[in-house]
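Please keep the sequence and the structure in view while reading.

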Amino acid sequence: PEEAEREADDLHRAMVKVSKELEKAGETRGVAKRAALQMRNEMKVFLEEQVPLMLLICNPGIRDRHWKQIEQITLLTLNNTQHATLAQMVDAGLHHHVAAIEETCVAASKENTLELGMDKMEVEWSQMLFSLKAHRNSGTYILSGIDEIQQLLDDHIVKAQAMASSRFIKPFIERITVWSKTLDDLQEILDNWLKMQATWLYLEPIFSSDDIMRQMPKEGKLFKAVDNIW
C-alpha cells in the first residue's frame, strides 16, 4: 500500500504540472489537457478515498477475527479471502468506514507485532546450545560459557513482561503466560545449577584428598553422597 500511495502521489503531482503546461499551450492541446485533468482527478480521488482504506486493510496482521469485527462495525458483507481486491472492498462501500475500522486495523497490526516477537524469541532459544566441558579427571562435566545464554534470558524475560502488559496481548495471553513461566523456570534452574556447581567445584578438590577424608570422615561421607548425585 505504501508503494501504491507513492506512485499515485507522484502521478498526481506530474498531472498537476502537465495540466498547467498544457493550459499555457492553449486550445491546440485541449484534448491532452482534458486527459491530464481526468488523470489528476482520478489520482486525487484514489489518494483521498482508497489509499486510506488500503493502508488499513492491506495489513498482514488482519485475521478472520478482525474481519468479523469490521463486518460488525460496518454492517457490510465482505469478501475477505486472499484473492479479494481493493476494488471489491470499494464496491462494498468499505471506504466510507475508514475512521470506524481504524482502531480494529491498528490493533491487528499491534497484535501481529507481538505474535512475531514471540515467534522470534522461540526461534532464538531453539538454536541455543548449553555447552558442557569435562572437569579435570573427575569423570563429570560442568556448565560453561553461559554469558550469552544469561544475556538472552535477561533480555527475553523483560520483553515477555512488556508483552504481557500490552493491551493488545489478549489473543495470545495464554501463550505469553506459558512462555513467561518457561523463562522464569529456566532462570531458576540456571541459578540453582550454578550455585550447586560452584559449591561442588569448591569442595571437590578438598575431599579428593585422602588426608582430608581421614581427618573429616563424616563430612567426607556426606560429600561423597552429594557427589554421586551430582
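In this predicted model, D9 has a relative accessible area of 26% and is therefore partly exposed. Its side chain meets that of R13 in a salt bridge, with 2.9 Å from N to O. R13 has a relative accessibility of 56%, so this residue counts as exposed; the cut-off for that class is over 50%. Both D9 and R13 belong to helix α1, which covers residues 2-25. The two positions are four residues apart, about one turn of the helix.

Helix α2 comprises residues 30-57 and contains both K44 and E48, four residues apart, or about one turn of the helix. The side chains of K44 and E48 form a salt bridge with an N to O distance of 2.9 Å. K44 counts as partly exposed because its relative accessibility is 40%, a value between the limits of 20% and 50%.

Helix α5, residues 98-126, supplies a further example. K120 and E124 are four residues apart in this helix, and so about one helical turn separates them. Their side chains meet in a salt bridge of 2.7 Å, N to O. With a relative accessibility of 48%, K120 counts as partly exposed. E124, at 25%, counts as partly exposed. Salt bridges with shared partners also join D119, E122 and R175 into one network. In total, the count comes to 13 salt bridges.

The charged side chains can also be considered for the whole protein chain. There are 27 positive and 36 negative side chains. The centres of these two sets lie 2 Å apart.

Where does Q187 lie, and which residues does Q187 touch? Q187 is found in helix α7, which runs over residues 173-207. Leaving aside residues up to four places away in sequence, Q187 touches Q150, L153, D154 and I157. Is Q187 buried or exposed? The relative accessibility of Q187 is 14%, so the residue counts as buried, the limit for this class being under 20%. Across the protein chain, buried residues account for 32% of the 230 residues.

The overall architecture can now be set out. The protein chain has nine helices and two strands. Read along the sequence, these elements follow the pattern α-α-α-α-α-β-β-α-α-α-α. Among contacts between residues at least 6 apart in sequence, 66% join residues at least 24 apart.

What radius of gyration does the protein chain have, and what would a compact globule of 230 residues have? The protein chain has 33 Å, whereas a compact globule of 230 residues would have a radius of gyration near 17 Å. The C-alpha trace spans about 115 × 40 × 25 Å along its principal axes. The protein chain exposes about 15400 Å², and carbon and sulfur atoms supply 55% of this area.

Methods: Residues numbered from 1 in each chain as written. Predicted model: local features only at pLDDT ≥ 70, side-chain atom pairs only at ≥ 80, totals over all residues. Heavy atoms only, no water. Rg over C-alpha atoms; globule rule 2.2 N^0.38 Å. Buried < 20%, exposed > 50% of the residue type's maximum accessible area, 1.4 Å probe, protein only. Contact = heavy atoms within 4.5 Å. Areas by Shrake-Rupley, 256 points an atom, 1.4 Å probe, with all protein chains shown as cover. Lys, Arg positive; Asp, Glu negative; His and termini not counted. Charge placed at Lys NZ, Arg CZ, Asp CG, Glu CD. Salt bridge = Lys/Arg side-chain N within 4 Å of Asp/Glu carboxyl O.
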